[in-house]
Amino acid sequence: MKILQRSNTRAVNYATSPLLASKTPNWRSRFVVALVAFSFAGLLGRAAYVQIIGAEFFQKQGEKRYAHTLDVPASRGRILDRNGLLLATSVPAPSVWAIPKDFEASTEQRKKLLKLLGMDAKEFDARMSSGSNNFAWIRRQVDGEAWAQIKTLGIKGLYETREYKRRYPEGESAAHVVGFTNIEDKGQEGIELGFQHELQGKDGTRGVVKDRLGRVVEDMGASLDPANGRDIQLAIDSKVQFFAYQRVRDAVAEHKAKAGSVVVLDVQTGEILALANYPSYDPGERSRLSGAQLRNRALTDVFEPGSTMKPFIAAWALETGRVKVDTPITTAPGSLVVGGVAIRDAHPHGALTVQEVIQKSSNIGAARLAMQMPSRELWELFSNVGYGQKPQISFPGAVTGRLRPYKSWRPIEQATMAYGYGLSASLLQMAHAYTMFANDGEVIPVSMLRQEAHAPGLRVISAQTAREVRKMLQMAAAPGGTGPKAQTIGYSVGGKSGTAHKQEGKGYASNKYRSWFVGLAPIDKPRIIVAVMVDEPSNGVYYGGDVAAPVFSQVVQQSLRMLGVPPDLDVKPQVVAKALPPVHESF
C-alpha cells in the first residue's frame, strides 16, 4: 500500500514539457488586450450615440410602438330652419373595425355578426383583406343597438371607434335644400356642400399609449380640444317647406307628371321660405338614389318662362308712357305675322286694353307692346329683374339661364320674348323677378339665410306702375282670367299662369309641356311670392291655370296662415271657378 500510494502522488515536471515550456510572443498578448479595448470603446461609442447623439431618433422609434396621436373629431355644425328647428344634426355612431391577424370567431359567432352588420360573407371577407394585418374597416356608422349586440358575441380582434353620423329630421321634404354628407362627413349637396367650411369645424388631437391590441392604456402629453362646426340658420320655414312639398308631390301624381317644384319668397326680407322639388329622396338613406331624385329643379332646370313674362312688358310700356292701363291694343283677327312667322292667340279677342292683354294672356297684345320698344330697353329690363344673371345666393348649382345680347335679336325674337319664348330661366329666377311687382317697383336680393331685412334693392319701375300691374295680375287670377283656380279663401291674390312646349333638340315637342303659375298675395300689401312649376303633365290637362294654379292657391293659403298674416277678404274659389267657362293662356 505504501508503494502504490507513493506512485500516485508522483509530481509532474512541467518544465520538461516542450509545449508548456515555449515562450509566448509579446504581440499576441498585446493584440488580445487591444481587441478587448476596442470592443469596449465600440460599446461606449454606440452607447454615446444612442443616449446622446441619436437619442431623439431612437426615442421617436420607441414611441411609435406604443405612443399614438388620435384625432378627436369635431362635431359638425347643425342646420336650422328660421324658427330654430333642426334640419340636420350630427349624432355619435359606432364604427366597427378589426385586427385581421387577431380575428377569431366561431361559425355561429360569424353568422350572427354578419346578420347584425347586414353583410354577406363575401363582402365581409373583402373588407377584412382590404386593409393591413393590423387594421381593416368592417362597417362604419352602424346602429348603436347593433353594436351593443355585437359586443355580447365576444369576438376576439373586433373593435369599435366613435364617429359622427348626420341625421335629417325633415327627410325628403327638405332634401334638396339641406343636401347630405358622405361617410367622411364632407358635404356633397345643398347647404351641406355650400357651407362645408363653416359646418365642418376643426378636429382636435389626443396623445395616448396603446398596447399591442390597439387598446388605449393611458393618456400622454397635451391634448388639443376640437373646435365644433358653426350652426347655420336658414331662411327656410320647415312647416311651409313641408306643406309645399306635399302639394307639389300630390300635383305630380294627380296629373301623371314627370316632376314639379315650388318656391316661396318672403317679400319683406327676400328670404326663401320654401324650395321644394319632387321627386325627392331621403338624405339619410341613399342606397337607391338616382340622378333624377338629386336634381334641385327649382335652381338647376331652366326653361322658357312663357306667359309669365307678359306683365313685365306691360309694366315697361306703362312706365315709359307708351300706353295707359286702358289703352286699346288690336289683337284681331287672332294672328300677327312678324318676319314671316305667325303669332297667334289661343282665342281671338279683337281689341283689348292693356290690362285685358294680361288678363286674357294675349300673345298678340304682348308682342305689339314689345315691338314698340327698342331691343336694348327690353334687354336692360330683363337683366335688371334677374334674367340672364346668376342668382346671388349661397347655394351650389344655381344656374344663370339664357338671355342673348340684344344686338343679335331678330324682330320675331323680340316679339316672342314678350310672351316668354327665346330666353330661359329657373323657377327661382322667375319668383325673384316678381319681387319688382311685390315691392312697389324694386327688385330685392333673395337669401337662403335667415335675415331680418333685405339688402338694398334695385328700382326698376315706379311704385305707381307696380300697383297698376298688381291689379292686372289680380284680374288674371280672377274669373274671366286665365288663373281663377289660383284664388285663395281669405286672401286676395294675383299672378300669371304659363304654359310652354318643351324643347327637344332644335325644336319643340308637340305633346310635352311645362305648366307654371307665379303670383303674390295679398294684393295691396304683398307678403309672399309663390312660383309653381309642373313638368310634363300627361293626364289630359296641361294649362298652367289648371295644373299649377291650384297648387299656388293651397300653398298661399297655408303659408300666410303660418306666417300670421290676417285675411284681407273672403273668397270662395270653388264657386266662382265653376261659374264661368275657363280662359286659357296663349302659348
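Trainee: What share of the contacts between residues at least 6 apart in sequence joins residues at least 24 apart in this protein chain?

Mentor: In this predicted model, 71% of the contacts between residues at least 6 apart join residues at least 24 apart.

Trainee: Why is Ala-235 called buried?

Mentor: Its relative accessibility is 0%, and buried means under 20%, so Ala-235 counts as buried. Ala-235 sits in the loop between strand S8 (232-233) and helix H10 (238-254).

Trainee: Which residues is Ala-235 in contact with, leaving aside neighbours within four places in sequence?

Mentor: Ala-235 is in contact with Arg-82, with Glu-271, Ile-272 and Leu-273, and with Ser-447, Met-448, Leu-449 and Arg-450.

Trainee: What makes Thr-435 buried?

Mentor: Thr-435 has 2% relative accessibility, and the cut-off is under 20%, so the residue counts as buried. Thr-435 belongs to helix H19. Residues up to four places away in sequence not counted, Thr-435 touches Leu-265, Glu-442, Val-443, Ile-444 and Ile-529.

Trainee: How many residues does the protein chain have, and what percentage counts as buried?

Mentor: The chain has 587 residues, and 47% count as buried. The chain exposes about 28,800 Å², of which carbon and sulfur atoms supply 53%.

Trainee: How do you know that the span of helix H20 agrees with what it should be?

Mentor: H20 has 14 residues (463-476), which at 1.5 Å a residue should span 20 Å. The expected span uses one less than the number of residues. The end C-alpha atoms of H20 are 20 Å apart, so the two values agree.

Trainee: Which residues of H20 are buried?

Mentor: Thr-465, Ala-466, Val-469, Arg-470, Met-472, Leu-473 and Ala-476 are buried. Seen down the axis of H20, the buried residues fall within an arc of 160 degrees, so they line one face of the helix. In general, an α-helix has 3.6 residues a turn, so residues three or four places apart point the same way.

Trainee: What covers the buried residues of H20?

Mentor: The cover includes helices H13 (310-319), H14 (354-360) and H19 (435-438), together with strands S17 (494-504) and S18 (507-521).

Trainee: Why is H4 called roughly antiparallel to H6?

Mentor: Helix H4 (residues 107-117) and helix H6 (residues 144-151) pack at about 175 degrees, with their axes 10 Å apart. Angles over 145 degrees count as roughly antiparallel, so H4 is roughly antiparallel to H6. Leu-113, Leu-116 and Leu-117 in H4 meet Ala-146, Gln-149 and Ile-150 in H6.

Trainee: What makes H4 and H5 roughly perpendicular?

Mentor: H4 and helix H5 (residues 121-128) pack at an angle of about 95 degrees, with axes 10 Å apart. The range for roughly perpendicular is 65 to 115 degrees, and H4 and H5 are therefore roughly perpendicular to each other. Arg-110, Leu-113 and Leu-114 of H4 make the contact with Ala-121, Phe-124 and Asp-125 of H5.

Definitions and conventions: Residues are numbered from 1 along each chain as its sequence is written. This is a predicted model: local features need pLDDT of at least 70, side-chain atom pairs count only at pLDDT 80 or more; totals for chains, interfaces and linings use all residues. Side-chain values use heavy atoms; hydrogens and water are left out. Buried means under 20% relative accessible area, exposed over 50%, partly exposed in between (1.4 Å probe, protein chains only). Contact means heavy atoms within 4.5 Å. Accessible areas come from the Shrake-Rupley method with a 1.4 Å probe; for residues, only the protein chains shown count as cover. Helices (H or I, at least four residues) and strands (E, at least two) are DSSP runs, numbered from the N terminus. The arc is that of the directions from the helix axis to the C-beta atoms. Axes are lines fitted to C-alpha atoms, for helices over the stretch in contact, and angles run from 0 to 180 degrees between N-to-C directions. Angles under 35 degrees count as roughly parallel, over 145 as roughly antiparallel, 65 to 115 as roughly perpendicular and the rest as oblique.
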